[in-house]
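Biologist: I am new to this structure and would like to learn how to read its features. Could we go through them one at a time?

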Amino acid sequence: MYPFKPGSFAVMNGWYVAAFAHEVGRDPIARTICGLPVALYRKEDGTAVAVGGRCPHRHYPLGKSCVRGDEIVCGYHGIAFGPDGQCTDIPSQDFVPRAYRIPTYPLVEHGLWLWIWPGDADKADPALLPDLEAIGYTGLGLEPVALFSHEVPCRYQLLNDNLLDLTHLAFLHGSSIGTIDNARARETVTHGPGVLRSHRLIEGGEPMPAIRRNQNYHGPVDSVVGMDFHLPGFHAGIGDHWAVENGERRPLRLSRVFHSVTPSTPTSCYYLFAMGAASGQSADEMRAFLAPVIDEDIFASVEIEKMIALAGGDPPELMTRSDRGAVEGRRLLQAMMDAERAERQAREAA
């Protein structure tokens with residue numbers, strides 16, 4: 001599936017954000033993660049769990065049912081399942097077959113998020129989650145705030161590509177956070193275990209429109225702008241800006257942003273955005289400023305999805321130098337999917 005090999009959709013053995021932690025309570029919510037129906041809810045002790053979202057009786061969505069104690073109860077015929085997936089009650093009969101169960105998925109609360117592992121549960125190592133200090137969630141004096149949660153009608157890789165090619169800031173977001181320097185500055189791409197980093201250093205550039213408006217500064221700016229992609233679907237962004245006055249730097253803006261992109265179906269995904277708030281910044285102010293920015297990214301991705309469909313589903317691309325990070329991200333994801341496929345085929349052949 002574009003832009004991957006035919007038959008490749010999403011990495012299964014990886015941590016994805018299923019929801020912001022505050023979104024999940026005693027009432028279950030429905031998600032489709034990598035094509036799998038999932039129900040999320042909290043047990044009486046507050047622990048969040050993820051179970052299969054399809055009742056095996058008549059396929060009613062458990063995410064649109066109810067919770068009783070620690071059990072999720074199908075809203076169609078009252079069949080109940082424990083957080084371990086085992087059926088505990090079938091009201092229409094006095095016995096419960098042992099085979100009557102639903103899947104369960106590892107779910108970890110980490111930072112603002114609930115992270116789900118849709119693949120092999122025995123490989124779900126919480127040590128693979130992004131380190132909160134390393135991504136700027138802690139240690140910088142910023143207060144992390146959950147801002148937006150969207151279900152977007154486009155394939156998830158379009159949003160990954162968007163976040164790995166920040167030259168688009170100059171054009172898609174030219175009235176708010178972008179300048180032409182975002183497109184002209186050279187990109188440095190590096191990667192380590194599970195992380196792809198794409199950063200740009202801008203020296204003596206123009207201030208972005210928000211700085212000109214809000215801080216009335218119009219002089220030269222030094223900036224570091226970039227994104228660290230924690231495969232398979234989490235991006236930790238940096239946007240630090242300094243005024244350059246008399247050969248010295250003065251801080252203008254310190255920014256840490258967190259984008260999670262979680263595949264839902266082949267042509268839809270979940271996009272959650274959070275940010276570290278500086279002292280004096282209110283969540284309402286950040287939402288008002290950033291809502292149009294996030295909407296622009298969503299608009300572009302959805303329109304590209306429409307064009308892909310018009311082009312027949314697998315259009316060729318004419319690459320430019322700025323595609324380096326996005327292409328490397330695709331290659332790393334494809335390699336993970338290839339490895340999963342090879343392992344699955346080996347198991348089936350054994």
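Biologist: By about what part of a helix are Arg347 and Glu343 separated in helix H6?

Modeller: A note before the reply: this is a predicted model. Arg347 and Glu343 are separated by about one helical turn, because they are four residues apart in helix H6. The two side chains form a salt bridge, and their closest N and O atoms are 3.5 Å apart.

Biologist: Which residues are linked with Glu343 and Arg347 in a network of salt bridges?

Modeller: Asp120 and Lys123 belong to that network along with Glu343 and Arg347.

Biologist: Which parts does the salt bridge of Arg330 and Asp161 tie together?

Modeller: Take the contact itself, then the sequence positions. The side chains of Arg330 and Asp161 meet at 2.8 Å, N to O. Arg330 lies in helix H6 (residues 324–349) and Asp161 in helix H1 (residues 156–163), so the pair ties together parts that are 169 residues apart in sequence. Both residues are buried.

Biologist: Now the rings. How many aromatic pairs does a search of the whole structure find?

Modeller: The search finds 13. Among them is the pair of Trp15 and Trp117, which is edge-to-face, with 5.2 Å centre to centre and 70 degrees between the planes. Angles over 60 degrees count as edge-to-face. Trp15 lies in the segment before strand E1 (16–20) and Trp117 in the loop between strand E11 (113–116) and strand E12 (143–152), so this pair ties together parts 102 residues apart in sequence. Trp15 and Trp117 are both buried.

Biologist: What kind of aromatic pair do Trp113 and Phe234 form?

Modeller: That pair is edge-to-face, at 5.1 Å centre to centre and 80 degrees between the planes. It links distant parts of the chain, as Trp113 is in strand E11 and Phe234 in strand E16 (residues 234–245), 121 residues apart. Trp113 has 1% relative accessibility and so counts as buried. Phe234 also has 1%, and therefore counts as buried.

Biologist: Which ring does the charged end of Arg31 sit over?

Modeller: Arg31 sits over the ring of Tyr270, 5.1 Å from its centre. Another such case is Arg249, which lies over the face of Trp242 at 4.4 Å from the ring centre.

Biologist: Last, the sheet. In what order do the three strands of the open sheet lie?

Modeller: The order is E1-E11-E10, and the pairing is antiparallel. E1 and strand E10 (107–110) are the edge strands, each pairing on one side only. From one strand to the next, the twist averages 35 degrees. Four bridges join E1 and E11.

Definitions and conventions: Residues numbered from 1 in each chain as written. Heavy atoms only, no water. Phe/Tyr/Trp six-rings, centres within 6.5 Å; stacked < 30°, edge-to-face > 60°. Helix = DSSP H or I, 4+ residues; strand = E, 2+ residues; numbered from the N terminus. Buried < 20%, exposed > 50% of the residue type's maximum accessible area, 1.4 Å probe, protein only. Lys NZ or Arg CZ within 6 Å of the ring centre and 35° of its normal. Pairing = 2+ DSSP bridges. Axes fitted to C-alpha atoms, helices over the stretch in contact; angles between N-to-C directions. Salt bridge = Lys/Arg side-chain N within 4 Å of Asp/Glu carboxyl O.
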